[in-house]
Amino acid sequence: MRRVTKFFLILLVLSFLLTACNAASEEVFDLDFNIVPGDIDLGGVNIVYEIGLDPSIFDSPNCLGYEMDTQFGDMAVKRLKDVQNNLNCTVTVNYTNNYNSCRNFVAASYSGTFLCDVISGISDMWRGPAQVGMLIGLTEIEDYIDFRNEEKWGNRNILEVIYHEDDLYGIVPLLWPEVSVSYSGITVVNENLISSIGATDPRDYLENGEWTWDKFEEVLETYYRAEGNEVKHYSLTCSSHSFGAMYLMSNGFRMSYENEKGELAPGLLTNAASAAMKEARDVFYGPLAHTIDSEGNAVDSLIGGTTVLGCVGSDSIIGLNGKIAKEMENFGLLSWPTGPDVEPGYAAGFHSNINRCIVFSRASNYPESTAAVISAIYEPFEEYQTIDDIIALMSKNYFFDDRDSHVYYDMYFNSVFAYFFTSAGPLYNSLGEWMLSNKTPTEYLEGIKGQLEERMIDSVGPSQNGIKAVWGK
């Protein structure tokens, strides 16, 4: 997960200047609010769209994040042309390194230099610009982009990272396959290894409601193979952080909850979280510890056949840098086995970022036109109008089983925003760092209780306030 930390400290120093500037300037509207968006003629305006991509792929031939000369690459090229023709506009798309995109945007915004009308990139980069008024709140332009359509633009839990105090500041094109999904914690199964050892496919356990913590211990023992001192393959490759985090998620964890006083309280201090933490440590350090590789690269180990199960991020499976779908002959997808405090089959990943979060620049001279253009660009493709259409597509083109597609999206739709590391105290890191501490879960939590409670106020609270301001609850 990428971070922008020191740079935003500068923003705090500048924020009072920016606030004063924003208060003094008049709101700019470039379209008549009585116009129906589908009937808009933008009069030849040029909209500049900056797209930040992973450094390894940002300069690869692509269109709107899709690899060229592929089904969706071709569809994206056509969509871009159609939007320009139908709305009478031009769209200049610039692709850039994600690590630099926000830095360049903030520098340009502060200096008064125009960079773009709209920009997409890693979502945690945009919290600082949202706080200091560099971004347009979606409620200001909702006549031209229906951000309340959560099936198109993302559920509240997915977008929690980009809600702030009184508005929502970013969206994700949920019905665009490949570019819309980003979360951690999904388990990939090397199906060839399962067959070679004559073991039960763990997807069968999930389908039958048997995929529990107890069953997980059984398969860890069953899948491991060694000859003498040589490990043929591990049962699981997973970092200690992801291991601990996924045990929490599998028992219904949320970063915060409202206590009896109506105040936000840390989810780590609940009984369900304590049970998950204890179970994770018992498995990770217990008699089955030798079956788990916590140091290896899960993607490489899965492809190389040195692990049966691997816990990975969704972007390692499909997309421009999705090696799993491109290089594995046969794989399956699993959610983490469920704990005692949730229903069988419960599935949830976790994220501190959305990789393709779209935000609108306050510096744009055409905010409504820009909103109309982005809304039109990211309309669902004709053959894939609903999430069911996309799940069917995934089963046909990317995965080997319908169950894989459902797991992939079930975990995403229920994904938990885990926040991220700050110098004032960790939230994201706290999901797994207790795995490596020499303390019991209770001792660990007692040591960071004060920090967690502070983070409820300065990190979680603003996001929750934003959700309530937009949705009224």
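1. First, a caution: what you have here is a predicted model. Its chain runs to 473 residues, and 56% of them count as buried. DSSP runs give 17 helices and 18 strands. If you look at contacts in the chain with a separation of 6 or more, 78% of them come from residues 24 or more positions apart.

2. Now for the inside. The largest nonpolar core has 148 residues, and the members that touch the most others are Leu64, Phe243 and Ile317. Helix 17 (residues 441-471) supplies the largest share of this core, with eight residues.

3. Ile317 is worth a click. Setting aside its neighbours within four places in sequence, you'll find Ile317 in contact with Ile186, Val188, Val312, Gly322, Lys323, Ile324, Ala325, Phe331, Leu333, Phe399 and Tyr408.

4. Back to the opening question. As for geometry, helix 11 (residues 271-285) packs on helix 17 at an angle of about 125°, and the axes are 10 Å apart. Helix 11 is therefore oblique to helix 17.

5. Another helix pair to look at is helix 2 (residues 71-87) with helix 14 (residues 367-377), packed at about 135° with axes 9 Å apart. That angle is why helix 2 counts as oblique to helix 14. The crossing of helix 2 past helix 14 is right-handed. On the helix 2 side you have Arg79, Leu80, Val83 and Leu87, and these meet Ala372, Val373, Ala376 and Ile377 in helix 14. The residues of this contact of helix 2 with helix 14 split into seven nonpolar, no polar and one charged.

6. Finally, a loop residue. Ser294 sits between strand 13 (292-293) and helix 12 (298-304). Is Ser294 buried, partly exposed or exposed? Its relative accessibility is 26%, so Ser294 counts as partly exposed; the cut-off for buried is under 20%, and for exposed over 50%. Not counting residues up to four places away in sequence, Ser294 touches Cys238, Ser239, Ser240 and Phe284. Have a look at His241 too: Ser294 and His241 are 53 residues apart in sequence, and their C-alpha atoms are 9.2 Å apart in space.

Definitions and conventions. Residues numbered from 1 in each chain as written. Predicted model: local features only at pLDDT ≥ 70, side-chain atom pairs only at ≥ 80, totals over all residues. Heavy atoms only, no water. Core = buried A, V, L, I, M, F, W, Y, C linked by side-chain atoms within 4.5 Å. Buried < 20%, exposed > 50% of the residue type's maximum accessible area, 1.4 Å probe, protein only. Helix = DSSP H or I, 4+ residues; strand = E, 2+ residues; numbered from the N terminus. Contact = heavy atoms within 4.5 Å. Axes fitted to C-alpha atoms, helices over the stretch in contact; angles between N-to-C directions. Parallel < 35°, antiparallel > 145°, perpendicular 65-115°, else oblique. Left-handed = near helix turned anticlockwise from the far one by under 90°. Nonpolar A, V, L, I, M, F, W, Y, C, P; charged D, E, K, R; others polar.
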